[in-house]
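Visitor: I have a structure to go through and would like to take it step by step. Could you put it up, so that I can ask as we go?

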Amino acid sequence: MQIITGLTMTDWDDFEDVMMNGTAQQKANWKCWMERYLTGCVVCQPCRGPDPF
């Protein structure tokens with residue numbers, strides 16, 4: 001099953017886990033990438049870490 005943004009439920013579960021248990025750096029990276037996927041932003045500043053999805 002895919003969410004409209006192309007992310008899977010597993011991606012969402014992993015995102016929630018990082019938001020609850022991750023380091024500040026992990027949270028910032030995952031949040032940045034999630035926002036890019038949800039908004040479809042292609043002109044935003046790049047996220048600082050690798051795409052976790």
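**The pocket and the helices**

Guide: We may begin with the lining of the largest pocket, whose residues divide into five nonpolar, four polar and one charged. Please keep in mind that this is a predicted model.

Visitor: Which residues line the largest pocket?

Guide: The lining of the largest pocket is made up of Gln 25, Ala 28, Asn 29, Cys 32, Gln 45, Pro 46, Cys 47, Arg 48, Gly 49 and Pro 50.

Visitor: And how much space lies in the largest pocket?

Guide: The space in the largest pocket is about 210 Å³.

Visitor: Let me pick Asn 29 from that lining. Is Asn 29 buried or exposed?

Guide: Asn 29 is buried, because its relative accessible area is 14% and the cut-off for buried is under 20%. Its place is in helix H2.

Visitor: Leaving aside neighbours within four places in sequence, what is Asn 29 in contact with?

Guide: With those neighbours left aside, Asn 29 is in contact with Cys 47, Arg 48, Gly 49, Pro 50 and Pro 52. Cys 47, Arg 48, Gly 49 and Pro 50 are also among the residues that line the largest pocket.

Visitor: On to helix H2 itself. What should its 16 residues span?

Guide: Helix H2 covers residues 24-39, and at 1.5 Å a residue its 16 residues should span 22 Å. The C-alpha atoms at its ends are 22 Å apart, which agrees.

Visitor: Which residues of H2 are buried?

Guide: The buried residues in H2 are Asn 29, Trp 30, Trp 33, Met 34 and Arg 36. They cover an arc of only 160 degrees around the axis, so they are on the same side of H2.

Visitor: What about the other side of H2?

Guide: There, Ala 24, Leu 38 and Thr 39 are exposed.

Visitor: What covers the buried residues of H2?

Guide: The cover includes helix H1, residues 9-21. Seen from the partner helix, the buried residues of H1 pack against H2.

Visitor: Then H1 next. Which of its residues are buried?

Guide: Asp 11, Phe 15 and Val 18 are buried in H1. Viewed down the axis of H1, these buried residues fall within an arc of 65 degrees, so they line one face of the helix.

Visitor: Why would residues a few places apart point the same way?

Guide: An α-helix has 3.6 residues a turn, so residues three or four places apart point the same way.

Visitor: What does the face of H1 turned away from the buried side carry?

Guide: That face carries the exposed residues Met 20 and Asn 21. Met 20 has a relative accessible area of 65%, and it counts as exposed because the cut-off is over 50%.

Visitor: How far is Met 20 from Arg 36?

Guide: Their C-alpha atoms are separated by 20 Å, and the two are 16 residues apart along the chain.

Visitor: Does the span of H1 agree with expectation, or disagree?

Guide: It agrees: at 1.5 Å a residue, the 13 residues of H1 should span 18 Å, and the end C-alpha atoms of H1 are 18 Å apart.

Visitor: Back to H2 for a moment. How accessible is Gln 26?

Guide: Gln 26, in helix H2, is partly exposed, with a relative accessible area of 38%.

Visitor: What comes just after H2?

Guide: Just after H2, Gly 40 takes a positive phi of about 70 degrees. Cys 44 also has its place in the segment after H2, and at 35% relative accessibility it counts as partly exposed.

Visitor: How far apart in space are Cys 44 and Cys 32?

Guide: C-alpha to C-alpha, Cys 44 and Cys 32 are 10.0 Å apart, and in sequence they are 12 residues apart.

Note on methods: Residues are numbered from 1 along each chain as its sequence is written. This is a predicted model: local features need pLDDT of at least 70, side-chain atom pairs count only at pLDDT 80 or more; totals for chains, interfaces and linings use all residues. Side-chain values use heavy atoms; hydrogens and water are left out. Helices (H or I, at least four residues) and strands (E, at least two) are DSSP runs, numbered from the N terminus. The expected span of a helix is 1.5 Å times one less than its number of residues. Buried means under 20% relative accessible area, exposed over 50%, partly exposed in between (1.4 Å probe, protein chains only). The arc is that of the directions from the helix axis to the C-beta atoms. Contact means heavy atoms within 4.5 Å. On a 1 Å grid over the protein atoms alone, a cavity is a set of points where a 1.4 Å probe fits but cannot get out, and a pocket is an open set with protein on both sides within 12 Å along at least five of seven lines; lining residues have an atom within 4 Å of a point. Grid points are joined across faces, edges and corners, and a volume is the space filled by probe spheres set on the points. Ala, Val, Leu, Ile, Met, Phe, Trp, Tyr, Cys and Pro count as nonpolar, Asp, Glu, Lys and Arg as charged, and the others, Gly among them, as polar.
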